[in-house]
Amino acid sequence: MDIVASGIRPTGFLHLGNYFGALRNFIKMQNENKCFFFIADYHSLTTHPHPSDLQTNVRNVLIDYIAAGLDPEKATIYVQSDVPQVCELSLLLSMNVYVGELQRVASFKEKVRRQPNNVNAGLLNYPVLMAADILLHRADKVPVGKDQEQHLEMTRDFAQRFNHIYQQEYFKLPVAYNFGNELVKIPGLDGSTKMSKSDNEASCIYLSDAPEVVRKKVMRAVSDSGPTEPGQPKSQAVENLFLLMKAVSTPDTVQYFEDQYQACQIRYGDMKKQLANDMIAFLQPIYERILELRSKSDYISKVAREGAEKARESASKTVRDVREIIGFKAL
Ligand code: TYM
């Protein structure tokens with residue numbers, strides 16, 4: 001049985017990008033593998049040093065996880081900071097990581113551009129902590145979106161380096177769990193290539209958005225003035241509408257609008273109406289479970305408590321092994 005590990009930062013509610021990047025095929029994934037899913041609250045401090053309400057965000061992500069299909073009876077679901085062993089593993093890994101390689105990471109450079117007044121060491125060390133999250137459970141597979149590809153590659157580098165330095169094949173080299181497809185990047189409704197809450201709230205569809213909110217956001221999505229000749233390439237905004245449609249609608253529906261586009265007869269209003277309906281239908285069961293879970297506060301706390309216990313067990317074993325491999329011994 002393979003081991004799967006993945007995390008999401010608790011910077012707000014989960015959106016469709018998170019869902020298709022990391023949570024797709026949850027049911028199959030947790031039935032066939034030993035899964036660890038966590039809420040990366042340490043990581044969120046790199047960009048939100050004073051989260052307005054860290055605990056509420058963590059709770060909401062936990063609710064969204066379960067509503068999206070994660071079953072705490074089958075998978076281990078936990079809060080990263082409940083398993084501080086990850087900090088020790090991160091520290092130990094960091095001894096064999098070079099500052100230069102961390103400075104070249106695309107996400108670090110982007111964060112430096114975005115928050116020039118808060119270029120903290122946590123940001124630089126972000127890929128090491130992320131590698132520790134994954135290696136803590138000696139995972140084989142990591143379900144992530146395309147934006148995490150480089151971080152995952154670094155995780156493999158760090159694991160390989162550790163194995164090489166200490167001459168033991170201890171860590172496996174984890175690969176992306178891509179469900180047999182390319183890694184995905186779900187675009188935003190505002191014409192941006194990635195749905196992301198940090199860019200523009202209106203460009204995101206949250207799993208917890210009420211149907212009327214989904215409809216309003218989709219109907220306001222950016223499009224263009226329409227093709228004027230057959231074969232005209234699509235603008236980014238229109239390409240985005242098609243990509244979103246591919247995620248939630250049937251292939252026949254996508255083909256219908258594709259044909260309309262090619263024949264220069266497309267009416268974006270009709271396309272958006274269809275997209276909104278299909279998105280609402282897709283999200284309906286998740287949305288209903290979210291509403292239900294929000295009133296089950298004790299249950300959510302219990303899931304977090306039990307998940308932390310299971311995760312600590314797996315984490316302690318790895319940290320114990322790693323300490324021994326490195327050579328720490330009681331005097
Ligand atoms: P985060 O919190 O930004 O995103 C969580 C997951 O959602 C995916 N994702 C997307 N996928 C497709 N299209 C999008 N528009 C989109 N937006 C987000 C991300 O790829 C990710 O899988 N560093 C991670 C959190 C993390 C982690 C880990 C992940 C910490 N430790 C260990 C995996 C394993 C992050 O910031 O994801």
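In what kind of crossing does α5 pass α15, left-handed or right-handed?

Reply: The model is a predicted one, in which local features need pLDDT of at least 70, side-chain atom pairs count only at pLDDT 80 or more, and totals for chains, interfaces and linings use all residues. Residues are numbered from 1 along each chain as its sequence is written, and side-chain values use heavy atoms, with hydrogens and water left out.

α5 passes α15 in a left-handed crossing. A crossing is left-handed if the near helix is turned anticlockwise from the far one by less than a right angle, and right-handed if clockwise. Helices here are DSSP runs (H or I, at least four residues), numbered from the N terminus.

The two helices, α5 and α15, pack at an angle of about 30 degrees, and their axes are 9 Å apart. Axes are lines fitted to C-alpha atoms, for helices over the stretch in contact, and angles run from 0 to 180 degrees between N-to-C directions. The angle makes α5 roughly parallel to α15 (under 35 degrees; over 145 is roughly antiparallel, 65 to 115 roughly perpendicular and the rest oblique).

On the α5 side, the contact (heavy atoms within 4.5 Å) is made by Gln-85, Glu-88, Leu-89 and Leu-92. On the α15 side, the residues are Arg-312, Ala-315, Ser-316, Val-319, Val-322, Arg-323 and Ile-326. By class, this contact has six nonpolar, two polar and three charged residues. Ala, Val, Leu, Ile, Met, Phe, Trp, Tyr, Cys and Pro count as nonpolar, Asp, Glu, Lys and Arg as charged, and the others, Gly among them, as polar.

Now α5 itself. Helix α5 covers residues 85–94, and its buried residues are Gln-85, Val-86, Leu-89, Ser-90, Leu-92 and Leu-93. Buried means under 20% relative accessible area, taken with a 1.4 Å probe and protein chains only. These residues cover an arc of only 165 degrees around the axis, which puts them on the same side of α5. The arc is that of the directions from the helix axis to the C-beta atoms. What covers them includes α3 (41–44), α9 (126–135) and α15 (297–326).

Helix α4 (residues 54–67) also meets α15: their axes come within 11 Å and cross at roughly 90 degrees. α4 and α15 are therefore roughly perpendicular to each other. The contact joins Arg-59, Leu-62, Ile-63 and Ile-66 of α4 to Ser-297, Tyr-299, Ile-300, Ser-301, Val-303 and Ala-304 of α15. By class, it has seven nonpolar, two polar and one charged residues.

Note on methods
Buried < 20%, exposed > 50% of the residue type's maximum accessible area, 1.4 Å probe, protein only.
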